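Good morning. Please look at the sequence and the structure on the screen.

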Amino acid sequence: CPFLMPCKPPNMKNQSNNDFLQSWGFRLKEDGNCESHTIYVGRTTKFAGLLAALWITHPRRGDPLNLFGVTFGWKYFASVLNSPPDTNYLHILVKILEIAGMTLYQTFGKQFIKLMMTIRDYYLPAVQSTIDEETSALFIRLRDTVAKFFNENKFEEPRGRLVPGYW
């Protein structure tokens, strides 16, 4: 999924709309059209959740460090926030914060707070002008997630997380 890289494939000259959407990771249906944006968002959100779960997973006893550890989460956030704001990232940012937010905060502390301030002070205002009916709920959800973090100064433990030593 290009959003998980993050990468924004450009619309090439003479490229059909379906080909352009497929370059963004949309799947082609049997009728020759691409899946709806809602289905695409749902699918990429699940991928983002899996990715975030990999970042926070503790390795089995005796295994080396997690090869896809929390530093990858940090790099992902930095790359998203360094690219032009896009409403298509709202659902992914919410899901990653829900699953990996606590670990990112515990690992990176004050730097993570600065990252959250960047989302609050720059990213959200920049995408707010491009919000439509379809993305307004995602925008509100991300805004509320960030506000809750600043009010409580923490993230909740993600549901279903395996405790260290589980393996």
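I begin with Lys95, which is partly exposed at 24% relative accessibility. The terms follow relative accessible area: buried is under 20%, exposed is over 50%, and partly exposed lies in between, with a 1.4 Å probe and protein chains only. The model is predicted, so local features need pLDDT of at least 70 and side-chain atom pairs pLDDT 80 or more, while totals for chains, interfaces and linings use all residues. Residues are numbered from 1 along each chain as its sequence is written, and side-chain values use heavy atoms, without hydrogens and water.

Which residue forms a salt bridge with Lys95? The partner is Glu98, and the closest N and O atoms are 3.9 Å apart. A salt bridge here is a side-chain nitrogen of Lys or Arg within 4 Å of a carboxyl oxygen of Asp or Glu. Both residues lie in helix α4 (residues 90-108), three residues apart, about one turn of the helix. Helices are DSSP runs of H or I with at least four residues, numbered from the N terminus.

Glu98 also meets Arg141 in a salt bridge, at 2.6 Å from N to O. This pair links distant parts of the chain, since Arg141 is in helix α6 (residues 133-152), 43 residues from Glu98. Glu98 is partly exposed at 32% relative accessible area, and Arg141 is partly exposed at 39%.

Elsewhere, Arg43 and Glu35 form a salt bridge, with their closest N and O atoms 2.2 Å apart. Are these two residues buried or exposed? Both Arg43 and Glu35 are buried.

In total, the rule gives seven salt bridges.

Terms used. Helices (H or I, at least four residues) and strands (E, at least two) are DSSP runs, numbered from the N terminus.
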